[in-house]
Structures are given as structure tokens and as C-alpha cells.
Amino acid sequence: MSRVRTAIVIGGGIAGPVTALALHRAGITATVYEAYPSTTDGRGGTLALAPNGVAALRLVGAAEAVTAIATPIHTQALAVGRKRVPLPGLAGMPPLRVVHRNELHRVLHDRAIAEGVTIAHGKRLVGVRETADGVTATFADGDTATADVLIGADGVHSTVRTLIDPHAPGPRFTGVLGFEAVARHEADSAPGTMNFAFGRGGYYLYWPEPGGGTRWGVNLPRERPMSLAEARAVPAAEWLRVLRDAYRDDDPGRDLMRTSNAAELQVVGSMHIMPPVPHWHRGRMVLVGDAAHAPSNSSGQGASLSIESGVQLARCLRDLPDVPSAFAAYERLRRDRVEKVAARAARINHAKAPGPVARAIMPVLMPLFIKAAMNPEKMIGHEQRYVIDWAAPVTAGAAVG
């Protein structure tokens with residue numbers, strides 16, 4: 001039985017509230033400390049929740065509220081030029097869910113508050129002091145907090161990661177910038193179908209938006225990264241001009257960009273991945289979610305893996321007698337799984353910014369690849385059919401999961 005009774009969770013995005021909810025269900029009191037002054041700034045793109053992510057949300061009582069605000073995606077198709085090739089899916093699985101990041105934050109925040117979790121805003125972590133009995137966090141405003149463990153759920157630019165290991169790698173730029181909007185144009189696509197397109201200007205995806213219009217997201221190739229502040233400092237009208245020029249020869253990309261409003265353009269900025277992080281934990285500190293593992297958005301698993309990790313960490317802290325054994329078991333349960341997903345996504349990501357030769361032959365090669373080589377059960381079955389057994393006790397020799 002665990003001796004851990006209290007936890008500090010740094011980061012109030014997705015992994016933070018989920019981890020706090022899971023800890024609460026494990027009998028551990030967790031307080032979430034978020035650097036930003038409010039839940040979200042109302043901006044941000046759409047993310048996908050795979051069936052395994054929704055299954056993990058069910059364990060913390062949040063699945064129903066999240067699926068209520070999400071759009072189900074039942075089918076997917078590849079679009080290269082005017083070719084449309086249906087993508088095979090997994091038999092007997094519930095749909096993918098797409099949800100706006102801002103709305104997901106709000107639902108998870110509200111759910112955590114309803115369960116009695118305290119979430120403190122405006123608390124930017126600046127330092128940590130560990131003792132034999134606990135860990136104390138110091139915040140930029142001078143306040144401190146003490147608990148048995150400290151959990152870094154603070155994203156790809158994690159402060160906790162550098163406190164655990166000053167030499168830890170940081171996020172890597174994937175070579176694309178992210179943008180999103182809802183076009184007035186009604187693309188030729190059935191409701192509930194997500195389309196992946198490789199246009200002349202770069203990769204984009206789109207699907208019919210409930211209520212009208214077509215939601216689209218673009219991964220625009222760029223040689224150097226831009227911080228979110230830099231990207232948002234560029235007027236949205238200028239970005240939309242760039243996008244319209246990049247996709248002027250594409251169908252339906254041209255009409256999607258043409259009928260979108262600059263005032264509604266979401267500038268997501270540079271897309272990042274996390275390379276393998278050597279040290280997930282040290283002493284009484286541990287990483288969860290994107291701070292430890294952030295695959296390319298090509299995976300469709302980033303948010304789902306973060307949710308899973310929060311739940312698995314709570315199980316380990318619930319069942320194992322001391323902090324070192326709990327953290328070690330947690331890493332054994334998670335590292336192999338998340339790194340395999342990241343490796344798969346990295347292979348896909350190379351196609352998002354193809355050169356001129358690759359663009360020329362892609363209309364021929366991609367449909368052949370889909371028909372001859374793609375086996376969804378082999379490629380993603382083990383990812384999406386994954387379900388955490390909350391009731392099962394974790395042992396010190398926990399098997400890889």
C-alpha cells in the first residue's frame with residue numbers, strides 16, 4: 001500500500017487535471033498549479049482523441065462530458081490531387097473524436113473541480129527543494145507548496161523536466177507550422193469523414209463541421225521554427241494570404257482558404273515532438289504527458305497517451321509501497337508503448353513536407369501503398385485497443401503496457 005498521500009501537479013492543460021482526477025480516485029490528494037491566469041486563452045487548435053484515450057477518460061469519470069462536446073469521425077480518406085482513397089479502419093471500434101483544445105481544457109478543469117481537486121492559477125514554477133519526507137515547490141510569486149511527490153504535467157517546454165535532468169533534451173521542430181479555421185465552403189465529403197490531403201503547398205486535413213462549413217487544419221512547411229508569440233505577432237490576414245497562395249492550385253484547399261475568415265484563423269505555431277527523454281523521474285519528481293512524451297500530431301495519439309499516462313501513474317502510486325518503486329513501475333508500463341507510437345508517427349511525418357519529386361509521384365504511390373501495404377490492425381490495433389485495467393493491482397515488476 002502506498003505511503004503517498006499528497007501530490008503537487010504542475011500544469012493545468014490536459015495531463016494535469018486527468019492525473020489529479022486519477023490520483024483522487026486512488027485516494028491521493030492532488031493540487032494542480034497552472035502558470036496561466038485562467039483555464040485557457042480561448043485559442044488553440046483541434047485535437048483528436050483515439051478510442052484508447054476515451055477509454056482512459058472513462059476511468060476518471062470524464063468520458064461522457066468530453067464526448068458530448070466532440071465530433072465523431074467514423075471514416076477517413078486520403079486525398080492526393082483529385083484522387084480519394086478510403087482508408088481501412090479497425091473493426092468493431094468506436095469512432096475517433098475531435099475536440100477543440102480550449103473546450104477539452106474547460107471540461108477537464110470543471111470535472112476536476114467537481115471532484116474536489118484544487119486548481120491554482122497564476123502559479124509559475126521556478127524551483128524545487130526535496131527532503132527525505134517530501135518536496136517543496138516554489139513559484140514566481142513567492143508562494144510555496146509541499147507534498148509527498150511533484151508531477152510535471154507542464155508540456156513540451158517543461159520546467160520540471162529540466163529540474164529532473166538539466167541536460168534533458170528539449171522539443172524538436174517538425175518543420176511545419178500549424179493553422180486551423182472553419183471555411184464557409186462545403187467540401188465534397190460525407191459527415192463524419194476526415195480527409196488527409198497532400199497539396200502542392202503542404203499537408204492539410206479537413207472534415208465537415210456540424211452546423212455547416214468545413215473545418216480544416218494545415219501543416220505548412222517552414223525551414224525555421226517560430227515561437228507561438230512570434231507566429232501570433234504576424235497579422236492573421238497575412239497568414240491567410242500565405243495559405244491562399246500555397247494552396248491556390250489545390251482542390252479543395254483553394255476554396256477552403258478562400259472562404260475562411262482571417263478573424264477566425266487559429267495560429268497554432270510551430271509543431272513539436274519530444275525525442276526520447278532519458279530520465280522520466282528523479283527523487284520525488286516525475287514527468288507525465290507531453291513533458292515526457294509528445295509524438296508528432298501525425299500519430300493521432302498525443303492527447304490520448306497523456307491521459308493514459310496520468311491514469312497509470314496514479315495506479316502505481318496507489319499500489320506500490322514507496323516512491324522509487326512506483327515511479328520505476330510507471331516508466332516500465334509506459335516508455336515502450338509511447339516510444340513505439342512516436343516512431344510510427346515520425347515515419348508518417350516525413351511525408352508532410354515532400355520535395356518536388358515526391359510531390360510529383362505521390363498521386364501514384366500513395367493509393368498503391370494504401371491498397372497493398374496498409375494493415376490497420378497491425379499498424380494501430382495495439383494502440384487503439386489498449387484499455388487500462390484500473391482495478392488490477394500494480395506490482396513492482398509491472399509488465400510493459
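Predicted model: local features only at pLDDT ≥ 70, side-chain atom pairs only at ≥ 80, totals over all residues.
Reader: Is A68 buried or exposed?
Author: A68 counts as exposed, because its relative accessibility is 65%. Exposed means over 50% relative accessible area, buried under 20%, and partly exposed in between, with a 1.4 Å probe and protein chains only.

Reader: Which helix is A68 in?
Author: A68 is found in helix α3, residues 63–69. Helices are DSSP runs of H or I with at least four residues, strands are E runs of at least two, and both are numbered from the N terminus.

Reader: Now A7. Buried or exposed?
Author: A7 is buried, because its relative accessible area is 3%. A7 is found in strand β1, residues 6–10.

Reader: What does A7 touch?
Author: Leaving out residues up to four places away in sequence, A7 touches L23, I28, T29, A30, T31, A147, V149 and I151. Contact here means heavy atoms within 4.5 Å.

Reader: And where is V135 relative to A7?
Author: The C-alpha atoms of A7 and V135 are 9.2 Å apart, and the two residues are 128 apart in sequence.

Reader: Switching to cores. How many residues has the largest nonpolar core?
Author: 79 residues. L23, L49, L57, I151 and L317 have the most contacts inside it. A nonpolar core is a set of buried Ala, Val, Leu, Ile, Met, Phe, Trp, Tyr and Cys residues joined through side-chain atoms within 4.5 Å. Another core of 21 residues lies apart from it, with A79, F179, A183 and M226 among its members.

Reader: What is L57 in contact with?
Author: Neighbours within four places in sequence aside, L57 contacts V18, L49, A62, A63, V66, L108 and I307. L57 is also one of the buried residues of α2.

Reader: How many α2 residues are buried?
Author: 7 of the 9 in α2, residues 51–59. Just after α2, G61 takes a positive phi of about 75°.

Reader: On to packing. At what angle do α1 and α4 cross?
Author: Roughly 25°, with the axes of α1 (residues 15–25) and α4 (residues 101–114) coming within 9 Å. Axes are lines fitted to C-alpha atoms, for helices over the stretch in contact, and angles run from 0 to 180 degrees between N-to-C directions. So α1 is roughly parallel to α4, a term for angles under 35 degrees.

Reader: Which residues make that contact of α1 with α4?
Author: P17, V18, L21 and R25 of α1 meet L108, R111 and A112 of α4.

Reader: What about α1 and α9, at what angle do they pack?
Author: About 30°, with the axes of α1 and α9 (residues 302–319) 8 Å apart. These two helices are therefore roughly parallel to each other.

Reader: Which residues does α1 bring to α9?
Author: A15, V18, T19, A22 and L23 of α1, facing S306, I307, G310, V311, L313, A314 and L317 of α9.

Conventions:
Residues numbered from 1 in each chain as written. Heavy atoms only, no water. Parallel < 35°, antiparallel > 145°, perpendicular 65-115°, else oblique.
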